[in-house]
Amino acid sequence: MPMNVPLRSLIPALLLLASGSLLVPGARAAETLRVGKAVPEAFSFVPLDIGMRKGLFANDGLDIESIAFTGDARMQQAMASDSLDVALGSGPAMAFIVKGAPIKAVAAMAGPPLLLAIVVRRGDEAR
């Protein structure tokens, strides 16, 4: 037996539902991070490749644009022209700091001999 509920008594419940939907955050667009690799295939760059394939970066709102180069020198040109946000290279990549490249070495990810380094472009304050 259906109950006849006056529409007027439903208004508070509808307002409550509508206000609750305003509090739910909407989907956020992923932020693109341009990551350069000194060479297309290197064992030390595997964490980036696996993270991209498994969606680990996407889970944190990052869309990774991986760009491979034919060596550190070309990757450094891309860093200097503001085409990359982060660069994965080897020991020679850090030598570009001494030559005045606008980068900062963040981490050496392997022991001697230095096989992998993470390099990021300096912030706007260095320009």
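Is Asp85 buried or exposed? I looked this up before anything else. Asp85 is buried, at a relative accessible area of 18% (buried means under 20%, exposed over 50%, partly exposed in between, with a 1.4 Å probe and protein chains only).

A note to myself on the ground rules: I am working with a predicted model, where local features need pLDDT of at least 70, side-chain atom pairs count only at pLDDT 80 or more, and totals for chains, interfaces and linings use all residues. Residues are numbered from 1 along each chain as its sequence is written, and side-chain values use heavy atoms, with hydrogens and water left out.

Next I searched for salt bridges (a side-chain nitrogen of Lys or Arg within 4 Å of a carboxyl oxygen of Asp or Glu) and found two.

In one of them, Asp85 meets Arg34 at 2.9 Å, N to O. I placed Asp85 in the loop between α3 (72-80) and β3 (86-89) and Arg34 in strand β1 (residues 31-37), so this pair links distant parts of the chain, 51 residues apart (helices, H or I, have at least four residues and strands, E, at least two, as DSSP runs numbered from the N terminus). Arg34 is partly exposed, with 23% relative accessibility.

The other bridge joins the side chains of Lys37 and Asp49 at 3.0 Å, N to O. Here strand β1 supplies Lys37 and helix α2 (residues 46-54) supplies Asp49, 12 residues apart. Both of these residues, Lys37 and Asp49, are buried.

Last, I checked the rings. I found the charged end of Lys99 over the ring of Phe96, 5.5 Å from its centre (NZ of Lys or CZ of Arg must be within 6 Å of the ring centre and within 35 degrees of the ring normal).
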